[in-house]
Amino acid sequence: MERALLASLAEYTARAVERVSYVNRRVQAAHLMQKAMLTEIPRIEGLEIEALYRPADGGATVGGDWYDVYPLIDDESGTLAITIGDITGHNLQAAIFMGQVRTMLRQADLDHPDYGPARILSAFEHANRVLDLGASGTMVHAHLRPCSEGWLLTWTNAGHIRPLVASPDGDVEELTEHGLLFHPDFPALSRLDHRRLLEPGSTLLMFTDGLVEHRGLEMDVFIARTKRVLAAGGDSPLPELLRRIVEENVVGTGEDDIALLAVRLAGPGAPEG
């Protein structure tokens, strides 16, 4: 009797360990897949660029949060394309959509370097409807072009959390211009480009809603926290600043993926690159 009981306990323990190992492998594979889909940050003269991606805690699924940064190679002005976005859902399909959307935006940008972000987003939305892709979500798509006074930011916002801009003296502004999210069932929308000059020493911060949206809590509280850390972090290296912003905002276990993308302009007389 005792021998049979011990054998049953050993079998039960082995199965439990096997299930835990299986789940851990799924989690690791999901996170590796998500990481592989995220962009390697390019080195751009005059800019410091840093991104941070934090997956939801304890989940075996991948989400649709993403960022992207790439130069418009055929554009002689040195324009940089930057995107932050969040596909609806938190599963493998959302991650697949994210990869498709990112690729389609890149294709449109590189084929039409004379288009502004609004026309690029509209081109993607047209393809999304005509090809019946089915992707929906939010994004900010932007172009950043060097000019004599700094860098000119041109952007369009499809329902996404508003980006923040910190001036060299620590003032933080929300880029309030906003539009509807993208969805294949929506009719063709008139997307608009918005422009703002970023002076030397400024920092642009874009992020997904997992940073500031927490169940049962006011989003404005966490946006205010983000502004406060950003305002005080003008002299901090961007990797450290992004980590502090996440630490300030995460409540308990992270229920959602978080993606952040920061671009800091070199200050007057500062070393570039």
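This is a predicted model: local features need pLDDT of at least 70, side-chain atom pairs count only at pLDDT 80 or more; totals for chains, interfaces and linings use all residues.
Biologist: What should I know before reading the model?
Modeller: Local features need pLDDT of at least 70 and side-chain atom pairs count only at pLDDT 80 or more, while totals for chains, interfaces and linings use all residues. Residues are numbered from 1 along each chain as its sequence is written, and side-chain values use heavy atoms, with hydrogens and water left out.

Biologist: Which residues touch the most other members of the largest nonpolar core?
Modeller: They are Leu47, Ile82, Leu153, Leu204 and Leu261, in a core of 24 residues. A nonpolar core is a set of buried Ala, Val, Leu, Ile, Met, Phe, Trp, Tyr and Cys residues joined through side-chain atoms within 4.5 Å; buried means under 20% relative accessible area, exposed over 50%, partly exposed in between (1.4 Å probe, protein chains only).

Biologist: And which element gives the most to this core?
Modeller: That is β10, with four residues. Strands (E, at least two residues) and helices (H or I, at least four) are DSSP runs, numbered from the N terminus.

Biologist: Changing topic, how many salt bridges are there?
Modeller: The whole structure has eight, each a side-chain nitrogen of Lys or Arg within 4 Å of a carboxyl oxygen of Asp or Glu.

Biologist: Where do Arg191 and Glu125 lie?
Modeller: Arg191 is in the loop between β7 and β8, and Glu125 is in helix α3, 66 residues apart. Their closest N and O atoms are 2.8 Å apart, and both residues are buried.

Biologist: What about Glu240, buried or partly exposed?
Modeller: Glu240 is partly exposed, at 34%. Its salt bridge partner is Arg244, about one helical turn away because the two are four residues apart in helix α5.
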